[in-house]
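The structure I consulted is shown first.

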Amino acid sequence: MAEGDNKSANLLAQETSQLEEQLQGWGEVILAGDQVLRWEKPWYPAVLVGATTILFMLIYFLDPSVLTGLSCSVMILCLADYLVPTLAPRVFGSNKWTTEQQQRFHEICGNLVKTQRRVLGWWKRLFALKEEKPKMYFLSVISSLVAVAWIGQQVHNLFLTYLIVSFLLLLPGLNQHGIITKYAGMVKREVNKLLKQKEKKNE
């Protein structure tokens, strides 16, 4: 068991190191984005929501076709991939990195690798469910897709995407400041109260 844990830890460290090398040119931008996403300043949430709102308003008014939107998105990614590693050191000054910044960059890369592993794990479990319990797999997948299709029919696609993107961008800050834990605890307490009241009525 310990040997397996050591192998897993070594593999995680190796994958993290490889990702650090791949993202080294983006290091300054990633650290700056991390500060915004974790709300290190009180006005960062407003910046996130404002920037997202402006972007989606622009998409709404321009109303590009799917092909145009896809082409523009890929073009922006290609330009960023070319320009960011070249311009970021001049703007931020990579030679001024502190030990704390380097450690935070290492933590971010480690978290990205762990997230990738979780997603792959969920994907494998889904296929394992398909092999072991095909009926449950079929019902779960179909029910989920029907629910998503119904929500998509009730809410405008662009607005729904805006809500999802805004939530995902705010999620790290909500988690960092304990807001999710706080409200999840409140909901849990209320549910427990309702269950206890129901048990008393049944008695």
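I looked up R117 and found it partly exposed, with a relative accessible area of 28%; buried means under 20%, exposed over 50% and partly exposed in between, with a 1.4 Å probe and protein chains only. The model is predicted, so I note that local features need pLDDT of at least 70, side-chain atom pairs count only at pLDDT 80 or more, and totals for chains, interfaces and linings use all residues. Residues are numbered from 1 along each chain as its sequence is written, and side-chain values use heavy atoms, with hydrogens and water left out.

**Salt bridges.** I searched the whole structure and found 5 salt bridges, a salt bridge being a side-chain nitrogen of Lys or Arg within 4 Å of a carboxyl oxygen of Asp or Glu. In one of them R117 pairs with E15, the closest N and O atoms being 3.4 Å apart. E15 lies in helix α1 and R117 in helix α5 (residues 99–132), so this pair ties together parts that are 102 residues apart in sequence. Helices are DSSP runs (H or I, at least four residues), numbered from the N terminus. I recorded E15 as partly exposed, at 25% relative accessible area.

**R104.** I then examined R104, which forms a salt bridge with D34 at 2.9 Å between the closest N and O atoms. D34 belongs to helix α2 (residues 27–37) and R104 to helix α5, so parts 70 residues apart in sequence are tied together. D34 counts as buried at 10% relative accessibility, whereas R104 is partly exposed at 21%. R104 also meets E107 in a salt bridge (3.0 Å, N to O); both lie in helix α5, 3 residues apart, about one turn of the helix. Salt bridges that share partners join D34, R38, E40, R104 and E107 into one network.

**E20.** E20, in helix α1 (residues 2–22), touches Q102, F105, H106 and C109, leaving aside residues up to four places away in sequence; contact means heavy atoms within 4.5 Å.

**Record.** In an unreviewed entry, UniProt lists residues 43–62, 68–88, 136–153 and 159–180 under "transmembrane region"; such annotations may be inferred rather than shown by experiment. I computed the span 43–62 as 95% helix and 0% strand, with its end C-alpha atoms 29 Å apart.

Methods: Helices (H or I, at least four residues) and strands (E, at least two) are DSSP runs, numbered from the N terminus.
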